[in-house]
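Let's take a friendly walk through a protein model together. Have the sequence and the 3D view ready, and follow along as we go.

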Amino acid sequence: MFFSAAFALLSCLSFSPFVNAQVPFIHHNELGDEYFFSVVKPAGNSPPAKPALNLFLHGTGSVGDFGEMDVKLLYNGPGRRIKEYYDGNITVASKLAAEQFLTVMPIHPNDTFYPDVPEWNLGRVKAVLDFVQQNYDYDQDRVYLTGYSMGARDGWKMAIAYPTSFAAVALSAGEPDNTTDFRPLLNIPIMHYAGTKDYEGASNVARANETQRLIEALGGTKVELTIIQGPDPAISPAHNQMANAPFFEDHFNWLLSKSLSGATSNTESSVRPSSTGSNTGGSQSSTNNEDSAASSLRLGIVSFALIAFVGVQVLL
């Protein structure tokens, strides 16, 4: 009787779509608890012999520990697109993310989250990159740094600290301090994304424009700013949507067009290019953001507790 009641209740519940993800993660803990990280090798029948490497730094909503990587590393950025691919949602963006890159995603430890806002430790992130270099085969001419929110803010710092390590940098919803010395970045292709509805909206875009101006004033010509029209805060918090709004085919094609040697990639011409610009459609389709995913996960936990309660009542 308990199992019948539990099954009836279970059938009515909505669980997090992240719980049973089929993404073939390779989890690593060799570097200790700061940082655990995961690697996803290229998928497909004919993956590149030497894929490009995409190092992604997540935002504060994805901090966690080793046991949470299967869930939290799929919230945003390339992880979201890779999950879509393995869920059968094959788009140009998910195909590029899953088939063309060796994706490396560290997870920031949870013990420094609240009440203090965490920061990525640049030396430890570099240790992750060094470990991958020693243990995986990839195209070292095409190493990319990407990030969102906290990962974007610290991504600027990472690029400044290790300017010869990356063929290109792409960062969403996180701008550097305008007192930053941008001179190490002058020879690095950089794409930064700002949303018109993200936090303060106009002032957020103004900060991004100021970053652009400061780099260009130093003679930098390789930095590009993409303004996302939105995302719509009526759908979900606009900042969370910026975790996914930029990460579509234009983004991945832009990365693959860059290399340390300046050589062009054959990958970009083999996929359908999308229109450049605001990616408004992309922002509207990215409703499964960090907060909604976390809420779904919490719902699953509460639901299991409720099932247990029902079981006890039935037995009594």
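pLDDT is the predictor's confidence in each residue, on a scale from 0 to 100. We need that idea at once, since this is a predicted model. In the protein chain, the mean confidence is highest in strand β3 (residues 52-57), at 96, and lowest in helix α10 (residues 280-285), at 30. Over residues 1-21 the pLDDT is below 50, and this stretch has 34 contacts in the model beyond near neighbours in sequence. Residues 266-315 also have a pLDDT below 50, with 86 such contacts. The protein chain averages 75, and 68% of its residues score at least 70.

**The sheet**

Now look at the strands. Eight of them form an open sheet with mixed pairing, in the order β1-β2-β4-β3-β5-β6-β7-β8. β1 (26-28) and β8 (223-228) each have a single partner strand, so one side of each has no neighbour in the sheet. From one strand to the next, the twist averages 20 degrees.

Here are some of the pairings:

| Strands | Sense | Bridges |
|---|---|---|
| β1 and β2 | antiparallel | three bridges |
| β2 and β4 | antiparallel | five bridges |
| β5 and β6 | parallel | five bridges |

Histidine 27 has serine 38 in β2 as its bridge partner, while phenylalanine 37 is partnered by proline 106 in β4. Threonine 146 stands opposite alanine 170 in β6.

Which way do the residues of β2 point? Phe36, Ser38 and Val40 point one way, and Phe37 and Val39 the other way. In a regular strand the side chains alternate between the two faces of the sheet. Five of the five residues of β2 are buried, so this strand is largely enclosed by the rest of the structure.

**The helices**

Helix α5 (residues 122-135) lies across β1, β2, β3, β4 and β5, and runs at about 155 degrees to β3.

Why is helix α3 (residues 77-86) largely enclosed by the rest of the structure? Nine of its ten residues are buried, so the helix is largely enclosed. Among the buried residues are Arg80, Arg81, Lys83 and Glu84, along with Ile82 and Tyr85. The buried residues of α3 pack against β2 (36-40), β3, α4 (92-99), β4 (101-107) and α9 (249-256). Just after α3 comes glycine 88, with a positive phi of about 95 degrees.

Conventions. Residues are numbered from 1 along each chain as its sequence is written. This is a predicted model: local features need pLDDT of at least 70, side-chain atom pairs count only at pLDDT 80 or more; totals for chains, interfaces and linings use all residues. Side-chain values use heavy atoms; hydrogens and water are left out. Helices (H or I, at least four residues) and strands (E, at least two) are DSSP runs, numbered from the N terminus. Contact means heavy atoms within 4.5 Å. Buried means under 20% relative accessible area, exposed over 50%, partly exposed in between (1.4 Å probe, protein chains only). Two strands pair if DSSP finds at least two bridges between them. Axes are lines fitted to C-alpha atoms, for helices over the stretch in contact, and angles run from 0 to 180 degrees between N-to-C directions.
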